[in-house]
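Subject: A structure for you to explore

Hi,

Here is the structure I promised to pass on to you. Have a look around it first, and then read on for what turned up in it.

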Amino acid sequence: MKAWLRALFGGAGSLQQKLTANILLALLAVIVMAWAVMIYEFLEHLEERLERDLAREAKEVLIQIDLDRSDYGLDTTGLRFRGPSGAYRYTLFSADGSPIAGSEDSPEIRKALSAAPLGHPVDIKVPGARKGIGLCGRNAGQRVCVLASANTPFADSTVLSGLKHELKEQVEWILIGSIIVLTTALMTARWSLRPLRRTMIEARDISPNAPENRLTTHNLPQEIKPLVESVNQAFGRLEKGYLAQRAFSSNVAHEVRTPLAILHSSVEQLKDSGLRKSLQKDLKDLENIFEQLIDLARADALGPEAFEPVDLCEIAVQVSSAHARAAIKSGRTLAVTGGKRIEVLGHKGLIFIALDNLVRNALAYSPVGSEIEINVQEAPAGFRVLDRGSGIPDEDKNALFERFRRGRDAEDGGSGLGLAIVKSVADAHGANVRVEDRAGGGSVFVMEFQLHSNNPR
């Protein structure tokens, strides 16, 4: 239910939700206005109709007048000539303005009738909540006026009942119309925001692995296009700086190799064996650091275009073979478990370097007599390197993959780049890397890939 409402109205704080809220407010205002207009038109129509009916009644009374008969030939004792209440009431006035029949009389009524043109109905203000229409004419050469009055729509309960009935009949149509308008508005808002959703998806694809990607402006609203164009320009500047930094790191790492080789040759010529061995050890550590910097530069420079199917099982066997002698010599063993052929899309050399660093790390911190296991898993495809070391505190697990960050029990001589290289290779492949606690003691370093060889990007 929540997912359905979110899809229809948008998430909290979203543009779609704000548009929907504004549409609902506008629709509510339209409904209120429609009801107000309907009531106004209904009452106005009743008022006009009442005026026409009163004018017709007054005209009929004028036509029936016979000046030669008693009471002008009218039944002045009838209901419509007695008292000011009731549906219709008539009052007949002579030429001098005095009432002949009926009871609705006042100086204001006489004054208004005396000024009324012959043959033209005029509004007459009468006491109470009633509507009055006066009509004057000539009969046998004498001026005679008739005042016809009735209850106004607001004072007539039957009229108000009619209004309620009319409104009830219109409620269904208003509801149907509101649903149609609301549905159309919501669909229009959702359809209008589709280009923005496409832009959001495009923005997710912009990464260090694809810095050249840009947001398209096709079908975007004119108000949004300048913003997207500015964002694309910002991405262009970031790409330029990123590529320059990546090229600089790669060039520096490679250029240092030559002076290191010269320095290594010079140290070999030293006659002092103690000094020579000390400097050779320092040079070895320095060479390892720069080799790791080169690996980092290669991982940073890696793009999906360099990917190809890579067999993780084959890499696991190669890494195990490369470290087998050193492991046995140090009193530890290596084992490869898991599937026989598990392929992902990636760079074989860098995946080898990443697993190699994980195994080196496990060998460095595992106790003598323990076994380091390289488990190749299939779902999801990846490696699990299991050791029996002292474990890693929870607060250090995330920071462990940062560059130049070393664990609390790190041995001297480490650069703090090994796990950073693993993280950089994982990021280049869109893979996940993490460390977990191993049951019974130790750690499990996990590297999981998302790109299977049969599911290319």
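Predicted model: local features only at pLDDT ≥ 70, side-chain atom pairs only at ≥ 80, totals over all residues.

Leaving aside residues up to four places away in sequence, Phe-449 touches Leu-312, Val-344, Ile-351, Pro-380, Ala-381, Gly-382, Phe-383, His-429 and Ala-431. As a bit of background, nonpolar side chains in soluble globular proteins tend to be buried together.

Next, the aromatic rings. The count comes to one aromatic pair. The ring centres of Phe-401 and Phe-445 are 6.4 Å apart and their planes stand at 75 degrees, so this pair is edge-to-face; planes over 60 degrees apart count that way. The pair links distant parts of the chain, since its two members are 44 residues apart: Phe-401 sits in the loop between helix H11 (394-397) and helix H12 (418-428), while Phe-445 belongs to strand S12 (residues 443-448). Both Phe-401 and Phe-445 are buried.

Now for the cysteines. Which residues does the disulfide join? It joins Cys-136 to Cys-145, with 2.1 Å from S to S, and the count comes to one disulfide. In general, a disulfide is a covalent bond between the sulfur atoms of two cysteines. The torsion about the S-S bond of Cys-136 and Cys-145 is about 105 degrees, so the disulfide is right-handed. Both Cys-136 and Cys-145 are buried. Cys-313 also counts as buried, because its relative accessibility is 6%, and the cut-off for buried is under 20%.

Six of its six residues are buried, so S1 is largely enclosed by the rest of the structure. In a regular strand the side chains alternate between the two faces of the sheet. For S1, both faces are covered: Tyr-88, Tyr-90 and Leu-92 are buried on one side, and Arg-89, Thr-91 and Phe-93 are buried on the other.

S1 also has partners. It runs antiparallel to strand S5 (residues 142-151), joined by six bridges, and Tyr-88 stands opposite Ala-150 in S5. With strand S2 (residues 99-101), S1 pairs in the antiparallel sense over two bridges, and here Phe-93 stands opposite Pro-99. The hairpin of S1 and S2 has five residues between the strands, and in it Gly-97 takes a positive phi near 95 degrees.

Finally, a helix with two sides. Helix H5 (residues 194-204) has Pro-195, Thr-199 and Glu-202 as its buried residues. These cover an arc of only 60 degrees around the axis, which puts them on the same side of H5. On the other side of H5, Arg-194 and Arg-204 are exposed.

Best wishes

How values were computed: Residues numbered from 1 in each chain as written. Heavy atoms only, no water. Phe/Tyr/Trp six-rings, centres within 6.5 Å; stacked < 30°, edge-to-face > 60°. Helix = DSSP H or I, 4+ residues; strand = E, 2+ residues; numbered from the N terminus. Buried < 20%, exposed > 50% of the residue type's maximum accessible area, 1.4 Å probe, protein only. Disulfide = S-S within 2.5 Å. Contact = heavy atoms within 4.5 Å. Arc of directions from axis to C-beta. Pairing = 2+ DSSP bridges.
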